[in-house]
Amino acid sequence: MNNILVIGSPEARTIALRLFALGVIGLIIGSVAEPFTNAGNLLNILRQASLLFLIASGLTIVIIAGGLDLSIGANVSLSACLAATVIQSSGSLLAGAATALASGLAIGAMNALVICVLRVPAFIATYGMLWIVQGIAYWYMSGTIIHGFPSEVRYIGIGFTAGIPIPVYIMLAFLLLGTLFTQRTTWGRQIYAIGANPTAASLSGIPVNHRVALVYVISGAMSGLAALVFLARLNSAEADLGDSLMLQAVAAVLIGGTSLFGGTGTLAGTLLGCLVLTVVLNGMNLLSISASWQPIVTGAIVIASVLFDAIGRRNR
Amino acid sequence: MPVLQTSFGFSPRVHELPGCAWALLILLVLFAATASNFLTTGNLLNIASQATLLLLLALPMTFVIMTEGLDLSLGALLSLCTVIFAIVVKSSGSVSAGILACVMIGVLIGALNGSLISMLGIPPFVATLGTMGIATGLALLLSEERELIELGATAQAAWSGIWMGIPLPVWIAAVSYGLFHFLLKHTRFGVSVIALGGNSEALRLAGKRVVPRLTLVYVLAGVYAAIAGVLLAGRINGGNPTAAQGMEFDAIAAVVVGGTHFVKGRGTLFGTLLGVILITVLRNGLNLLGLTASIQVAAIGILVIAALAMESRR
């Protein structure tokens with residue numbers, strides 16, 4: 001079933017197309033913005049994209065299952081703030097990581113509860129959760145910034161091993177793990193089946209509710225993990241840390257060829273989506289285009305990708 | 001629990017209202033007892049003026065949600081309109097030009113939302129999430145390096161004006177409520193709004209075109225965000241790119257708490273009116289008790305999820 005590796009399969013074609021697009025965008029930006037092709041900047045892009053991938057990978061699995069998780073950005077904010085407090089008071093990386101993960105998992109589990117047990121539609125449940133979690137984060141921090149972490153924590157965000165940033169290794173580990181899960185395990189394939197047609201999946205004996213609950217818990221946990229890497233990279237945590245991430249993650253997943261209508265998509269595609277988006281945003285930065293353009297461009301990318309997806313479906 | 005419902009003998013419409021009305025009553029008693037300055041004339045007027053702005057978003061949001069849609073872009077669009085209004089008024093000196101510009105951008109973004117959703121079947125929350133990003137960015141971009149305060153007396157009149165002893169915003173809200181009620185109950189458009197949510201296939205089979213009707217629902221929402229933007233600009237006497245950030249959530253909350261449902265496409269405007277008052281009172285009361293805006297937002301989030309969970313249990 002590992003379609004990504006089969007040359008000529010639709011998945012492989014989608015990914016080849018994204019790679020090509022990435023190359024073209026990279027060439028254009030590289031030719032107008034001098035510092036773009038610096039080794040330093042390229043590694044920076046890779047690190048940024050890896051961070052985004054951690055959140056977007058969880059979202060990809062949710063969208064494959066036909067759902068949506070709008071709470072991921074707020075999840076990152078709150079988990080990062082909680083973990084930052086624990087790291088500052090205990091000085092322990094392990095305690096901080098456990099806090100971030102536990103907070104992310106708890107928010108994911110709340111989503112799963114509201115969607116699967118209380119039967120609230122996913123988009124509004126996670127949208128409501130966005131405001132609850134964000135409200136708690138702003139209340140908890142009340143305008144303060146937690147700044148300065150021990151070097152072992154910072155290493156996760158800014159360290160290098162063999163010339164490659166640490167977040168890239170984390171990203172690769174989760175890309176591998178996630179691809180194995182989605183492509184090679186029964187549960188993974190069941191998630192695709194649920195996204196493609198929940199009724200058919202349910203009738204063929206798949207425990208739809210359990211699997212749907214699982215994808216929200218995964219998404220929450222990935223946001224928690226991402227929170228740890230984010231605070232390590234920024235060396236600070238504040239309540240609005242994840243505010244712009246939700247839109248970016250949605251854009252990255254959609255650029256990556258995952259259909260919002262469920263049932264198709266790959267994590268490798270999402271990684272390419274993260275790279276494309278990061279290259280574009282980074283290029284705009286280098287060309288000193290105002291940061292106000294970033295939500296405009298990201299929003300336009302979201303609309304454009306879903307437009308192509310919808311038109312493609314109609315013509316099929 | 002359908003059996004329980006029928007044994008009470010309420011008609012569905014009467015049965016829908018009490019939940020929200022009771023909650024409102026409990027809140028009123030609670031805040032009157034705990035917050036000493038809650039029941040003062042000044043505070044009640046403050047609640048009324050807050051509620052008018054929210055109602056202007058919640059009325060069209062009711063239509064949107066009735067069609068099983070959602071519009072996440074309204075708060076960002078409202079903020080963008082305060083900025084555009086301020087820019088046009090400051091550069092041309094003409095308030096009507098400012099209003100015209102706002103309504104035009106409202107129609108434009110509404111039409112973009114509506115056509116993406118109705119023509120291409122793009123899920124509403126994603127289409128409007130995209131336009132939310134665009135509107136947010138535009139508002140920030142346009143307000144860069146610009147002085148957007150001190151709009152002058154005429155621009156403020158829309159908010160602070162009084163006609164026959166009643167503030168203008170209250171008039172606008174009342175007229176809008178009447179307009180939406182008329183649209184819903186007495187026009188073919190209203191019938192198709194109800195049909196779009198309950199059964200858009202039936203509408204199609206009845207020979208009605210879905211696309212223009214559904215698009216119009218989002219255009220209406222855009223126009224109302226623009227009107228609210230003009231009022232808010234008058235109130236804060238300027239433009240602010242984050243003035244109404246997240247206000248769409250308050251509107252969604254008011255509609256949902258008021259008994260309009262995402263899945264079944266039914267609801268009442270009176271329920272929305274109660275919902276708007278409930279949300280405004282909740283925010284105002286928590287504020288008087290010294291709880292910050294972030295706690296208010298979290299409380300509204302819990303309220304929304306609770307309301308939807310209770311509804312899905314019926």
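Residues are called buried under 20% relative accessible area, exposed over 50% and partly exposed in between (1.4 Å probe, protein chains only). The structure described here is a predicted model, in which local features need pLDDT of at least 70 and side-chain atom pairs count only at pLDDT 80 or more, while totals for chains, interfaces and linings use all residues. Side-chain values use heavy atoms, with hydrogens and water left out.

On this scale, L28(B) is partly exposed, with a relative accessible area of 32%. L28(B) sits in helix α2 (residues 12–34) of chain B, helices being DSSP runs of H or I with at least four residues, numbered from the N terminus. Together with W22(B), L25(B), I26(B) and V29(B), L28(B) forms a nonpolar surface patch with about 510 Å² of accessible area. Such a patch joins nonpolar side chains (Val, Leu, Ile, Met, Phe, Trp, Tyr) within 5 Å, from residues with over 30% relative accessible area and no salt bridge; the areas come from the Shrake-Rupley method with a 1.4 Å probe.

Turning to charged pairs, a search of the whole structure finds 1 salt bridge over all chains, defined as a side-chain nitrogen of Lys or Arg within 4 Å of a carboxyl oxygen of Asp or Glu. D250(B) forms a salt bridge with R283(B), and their closest N and O atoms are 2.7 Å apart. This pair links distant parts of the chain, 33 residues apart, with D250(B) in helix α11 (residues 247–257) and R283(B) in helix α12 (residues 269–288) of chain B. D250(B) is buried, at 9% relative accessible area, whereas R283(B) is partly exposed, at 22%.

Key
Residues are numbered from 1 along each chain as its sequence is written. Chains are lettered from A and ligands numbered from 1 in the order in which they are written. Patches are made of residues with over 30% relative accessible area and no salt bridge: like charges are joined within 9 Å, nonpolar side chains (Val, Leu, Ile, Met, Phe, Trp, Tyr) within 5 Å. Helices (H or I, at least four residues) and strands (E, at least two) are DSSP runs, numbered from the N terminus.
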